[in-house]
Amino acid sequence: MTTFDVDAMSHDEILHIGFDDTDSTRGRCTTHLAFKITGYLLNDSDTEFLDYPLLVRLNPNIPLKTRGNGAVCLRVKVRNHKKIIEDITQLIEEGSAIDEGANPGIMFLNGGLVPEAVKEFGRIAMFDILSKQKAEKIAKENCIPYFAFGNGQGLVGSLAAIGSLEDGDHTFEAIAYRKSKNYGTTRKIDVSRVIQYDKRTFPNTFNNYDQNHRRMLIAPHGPDPVFCGIRGESPEVVVSTLEWLQTEEILDGYMVFRSNQGTNMHLQNELKLSAIRVYMAGYVRGKVMRKPQIIQGGHVFFGIEDSDSFTCMAAVYEPTGLTSIASQMEIGDVIEIGCGVRKGTCNRPPTLNVEYIYILKLAQVYALSNPPCKYCTRKMKSEGKNKGFQCDRCGYKDSNAKKIPILQNRDIMTGLYVPTPKSHRHLTKPVHRYGMEKRSSCSNPGSKLIARWFFASS
Ligand code: ATP
């Protein structure tokens, strides 16, 4: 465990508490720990939440992640810093799956302003790989006490969460938690009610149900404490929808998170193919330079060349539902793809895993056709390579005739193509959210959190 001099902190009341890497694939969940810590903080009447707990999804290509690479930041006004830091550190140590491989990190930034270096760290964590050493260096330079367990890799997520203000586009999620006696049992949710509210609340909730695959998307399947999560555009809509769902199972409670889920925040930076590194995320603009090939499993591979004439292979996987579009692209099509850089193997160079395709301009595609007979207009037959053509109706021969190019109809259109909801990542922006992006962290600056943002059963 790494410690820091808590007594040296200023007594400014504002505390930003970032934490990450508390769970393992066998159970637990960082958002659940956030729910427990929030319950503890709310029990102290001197604590005021300045924002909803922030659920920050970081670079989804990081191999270290357990599931959705989520980190949490709580921004609060408190009185007794020292006690709160000690208690929360203890809650995280006790509530983390350290024996099963979790490597929790916790950081406490004191003061109203988030330093630029911390914001920059949060920005880069969305699309690149950062080291624990860099997180520690920035924390020390900015007097941010931190604590780490295991190998401490969670420090990266905890600092990045503090640095992510989500002051542009954002969404909300009301996550409901199970009583521990129910962990591992089947979650009973009335699908017909999910379908009903999905229609009724559109476009203000999203990723509830995948119509095409008839699959409910609000509940995980593992042994973790999450019962379900309702994602949407406002705290009011996610809470009222969760309450309307009327689950049979008696739950432990729920909490509203503000989040970058559904915003494509990991795909905001342009990747230059000359400078890509494994696990980076972003977008590439360029031209299709190698015709799409469908491989076993229905996946589609094609080559892309960027404006600096660097090239890379791109992969569109079958479950995304984008393969039929991708397979119809032609050399010369101008496109933008959202993607993550997948590690190469000994016989395959790094590949771009495609997350959306935006076809900006379709190339003109020609097919070569035999020339028509100048007397009877019937298509002539080839006499062999470089031997000209002959009409088999009137017998006219033209030894100089050449095949003529005919412009082909393209069966695809320019525009944006995004994956089917069932293969969305947490960060994937659903197609209907394009144009709905928020421009600030709060539509009503100075407004308070809604009354029902947190509920815990006694
Ligand atoms: P869950 O979503 O269930 O909470 P998870 O998928 O977030 O789990 P973690 O167990 O938190 O997975 O592991 C992710 C690890 O990756 C953390 O240690 C975090 O600090 C680290 N990490 C996150 N983003 C980056 C990044 N950009 N560069 C390097 N490490 C990162």
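This is a predicted model: local features need pLDDT of at least 70, side-chain atom pairs count only at pLDDT 80 or more; totals for chains, interfaces and linings use all residues.
Q: Which domains does the assignment give for the protein chain?
A: The assignment lists four entries by residue range. Domain 1 covers 6-163. Domain 2 is written in two pieces, 171-262 and 435-456. Domain 3 also comes in two pieces, 266-364 and 409-423. Domain 4 spans 369-405.

Q: What separates the centres of domain 1 and domain 3, and how many residues does each give to the contact?
A: Taken over C-alpha atoms, the centres lie 35 Å apart. Domain 1 puts eight residues into the contact, and domain 3 puts in nine.

Q: How much area do domain 1 and domain 3 bury between them?
A: Read the total, then the atoms behind it. The two domains bury about 740 Å² between them. Carbon and sulfur atoms account for 58% of that area.

Q: Which three residues supply 62% of the area that domain 1 buries against domain 3?
A: They are N61, F127 and D128.

Q: What kinds of residue make up the side of domain 1 that touches domain 3?
A: Five are nonpolar, two are polar and one is charged.

Q: Which residue forms a salt bridge with D128?
A: Start with the general idea. Side chains of opposite charge can pair when their charged atoms come close. Here the partner of D128 is R277. Their closest N and O atoms are 2.3 Å apart. Between domain 1 and domain 3 the count is one salt bridge.

Q: How many residue pairs are in polar contact across the interface of domain 1 and domain 3?
A: The rule finds five, with both residues at pLDDT 80 or more.

Q: How many salt bridges does the rule count, and where do K36 and D252 lie?
A: The count comes to 26. In one of them the side chains of K36 and D252 meet, at 3.1 Å from N to O. K36 lies in helix α1 (residues 30-43), and D252 lies in strand β12 (residues 251-259). The two residues are 216 residues apart, so this pair links distant parts of the chain.

Q: What is the strand order in the open sheet of three strands?
A: Read across the sheet, strand by strand. The order is β19-β20-β21, and the pairing is antiparallel. β19 (381-382) and β21 (397-398) are the edge strands; each has a single partner, so one side of each has no neighbour in the sheet.

Q: How many bridges join β19 to β20, and which residue stands opposite K381?
A: Two bridges join β19 to β20 (residues 389-390), and these strands run antiparallel. Opposite K381 stands Q390 in β20.

Terms used. Residues are numbered from 1 along each chain as its sequence is written. Side-chain values use heavy atoms; hydrogens and water are left out. Two strands pair if DSSP finds at least two bridges between them. Helices (H or I, at least four residues) and strands (E, at least two) are DSSP runs, numbered from the N terminus. Domain bounds come from an automatic or database domain assignment. Contact means heavy atoms within 4.5 Å. Buried area is the accessible area (1.4 Å probe) that two parts lose on being put together, summed over both. A salt bridge is a side-chain nitrogen of Lys or Arg within 4 Å of a carboxyl oxygen of Asp or Glu. A polar contact is a pair of N or O atoms within 3.5 Å; within protein, one must be able to donate a hydrogen and the other to accept it, and residues adjacent in sequence count only if both atoms are side-chain atoms. Ala, Val, Leu, Ile, Met, Phe, Trp, Tyr, Cys and Pro count as nonpolar, Asp, Glu, Lys and Arg as charged, and the others, Gly among them, as polar.
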